[in-house]
Amino acid sequence: MRSADRIAGAALLVLAVAFSAGALKNYAYWGENGPGPAFLPFWLGLVMALLATMLLVGALRSRDPGEAWLPRGEGLGRLVLVIGATVAFVALLGVLGMTIATVLFLLFLVRFLDRQPWLLSISVALAVAALNYLVFAYWLRVPLPVGPFGF
Amino acid sequence: MDFLANLSLGFSVALTPFNLLMAVCGVVMGILIGALPGIGPPSGVALLLPLTFGMDPTSGIIMLAALYAGTMYGGTITSVLINTPGESASVVTCIDGYQMALQGRAGAALGIAAIGSFIAGTVGVVLLMLVSPVLARWSLAFGPPETFALLLLGLTTVTLLTGDSPVKGYISMVLGLMLAMVGFDIISGEPRYAFGVPELMDGIDFLPVAIGLFGIGEVLVGAEIAAGAAIIEARYGWRDIMPTAQDWLRSRWAIVRGTVVGFLVGVLPGAGPTVATFMSYAVEKRVSKDPAQFGRGAIEGVAAPESANNAAATAAMVPMLTLGIPGSATTAIMLGGLMMWGLRPGPMLFQKNPEFVWGLIASQYIANVMLLILSTLFIPLFVRALRIPYGILMPLIIVFCVTGAYSLKNNVFDVYQMIAFGVVGYAMKKLGYSPAALVLALVLGPLTERALRQSLIISDSGAAIFFMRPIAAVLMLAAIVAVLVPTLRGVAAFRRRRERPAEGAG
């Protein structure tokens, strides 16, 4: 956690300075009769810079490396897999439509990540996709993305 | 007699069949969401908010408020039976609740929690009903400087929530305010920090952020753990859950104290049910004649915090409705919902939308009765939900997060934004930052900026305006104290940490 705090502190410090400088450069600090669009962002950047410095100094002076915050091995693999599958799911929405993409996403995670039996995996995938369609598309009339078959 | 007329108006709204149905749905989903580990009240409200877009705002808030009350009880089931809190307001309940379950008294623990929740929730609504109109009338006199001072107080107290590192709490909060700056400037109409991306010009919507930080973030924290936890078997017959005469004698004052502590903490902007449970547990331990029993299955250790969290969940509505300042992360999301429905939270709400406010208040009475019935008769049903493997539950939650984020504006940009904040939320949780503070600041950011700039426009003495008006000055001082206390505490802890290795060496 110590190294994560160092990285976060440094990154936030850069962000804070860029945020304040960007505000002053692009927007007016003071308008005709009062503070302009850059006023609050400028001060927020300053406060963040102060906080980031405090975090950074604390982490640099600390001798305790702390616990690792990211999992290793299998845990990290699962984490990356779940995030990757979710991004792929969203990317497929426009191509396959919400219903088919949902079924595939659920089948993948339930069958291949969690190793549930095929029958259970398929039932869960179909039931959730149907429920999702029923609630959002049918009941709430949200125009969910549709695939080549119209659902 | 004024409020009797208002209350009957409220019941006429809350008792319509559709609104009753919404209250039942809210309580049932709340108990489930509270009971399932890895998904808590803020994610529950964020996930269900898209469902309310097509509804009348009154029905929407009735469902969300009932859900909030339900989660407070649902979390108890998990704490008692698995020793894992279903949500953060039930962390304390694990200590004595799980011990009771090990001693074969799981039913009694859940029973006293249900009764305590009912009493605290009902007293909470009565207080909400009496306090809110007074506070709303009083705050009608608030000008921009008072509003700004109050918002500042709300923003600074939220960081009290983040345990050990106040710096990380404030970083989370300021980050939320910075995100709120993105998009059209409210006064000049200029787009800020949009980098020419049209989706950013309208600003960053809090809903994809909230669904990502809480829903996806919590799911990812759970994703690295593969195995499920063992559930303690217990019996839930009428006799098993009804407290014995001795239980009742021991816990009746604990329930009263829990209710009082819970309500007071809940009313404070920023501090919500979770803080209330820790405080009430500490109070019980202090007043107890036999503090050694705590941690070994003392029923007071379940009754007090469980009453406190329900009282606090109700009390958190007071600042949200009357001042437009949420008392907890969950009410921050509700507040965002109110604004989406086109309602302006704050003192005018009581005058302009009485059917909304009083319908909500009346429905809280009904929700508490339903909660008592459901939580005593249907415990086995909710326990069965805990047996759903996390590997099935997790993808299911992700699907609803994706659909919910999409349905806000029917665009995929929001969904990617939601996933990005999911990863951010995961990191924040693991590293000790506060997603709740970020969401609260994102919701309050535009209001804060408007109040600040309007104050400075009407002021002819610069920032001194905040200290020259009595109410604003008191609120500003309170905000300054709220900043100083955790900072000083942090410095003291730092000193102690530095001294300790020296002692060890000697």
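**Helix lengths, chain B**

The expected span of a helix is 1.5 Å times one less than its number of residues. I kept that rule beside me while looking through this predicted model.

I started with helix H14 of chain B, residues 300–315. With 16 residues at 1.5 Å a residue, H14 of chain B should span 22 Å, and I found its end C-alpha atoms 22 Å apart, so the two agree.

Next I checked helix H7 of chain B, which covers residues 144–158. Its 15 residues should span 21 Å, and the end C-alpha atoms are 21 Å apart, so this agrees as well.

**Cover on those helices**

Are the residues of H14(B) buried or exposed? I noted 16 of its 16 residues as buried, so to speak a mostly covered helix.

For H7(B) I wrote down 15 of 15 residues buried, and this helix too is mostly covered.

**Over to chain A**

I then looked up which elements make up chain A. I listed four helices and zero strands, running α-α-α-α from the N terminus on.

How does the radius of gyration of chain A sit against a compact globule of 151 residues? The globule would be near 15 Å, but I have 24 Å for chain A. My entry for the C-alpha trace of chain A is about 60 × 50 × 20 Å along its principal axes.

I also looked at burial in chain A: buried residues make up 29% of its 151 residues.

Last, I turned to contacts in chain A between residues at least 6 apart in sequence. Of these, 56% join residues at least 24 apart.

Notes. Residues are numbered from 1 along each chain as its sequence is written. Chains are lettered from A and ligands numbered from 1 in the order in which they are written. This is a predicted model: local features need pLDDT of at least 70, side-chain atom pairs count only at pLDDT 80 or more; totals for chains, interfaces and linings use all residues. Helices (H or I, at least four residues) and strands (E, at least two) are DSSP runs, numbered from the N terminus. A residue is buried if 20 or more other C-beta atoms lie within 10 Å of its own, exposed if 12 or fewer, and partly exposed in between; C-beta atoms are placed from the backbone. The radius of gyration is taken over C-alpha atoms; the globule rule is 2.2 Å times the number of residues to the power 0.38. Two residues are in contact if their C-beta atoms, placed from the backbone, lie within 7 Å.
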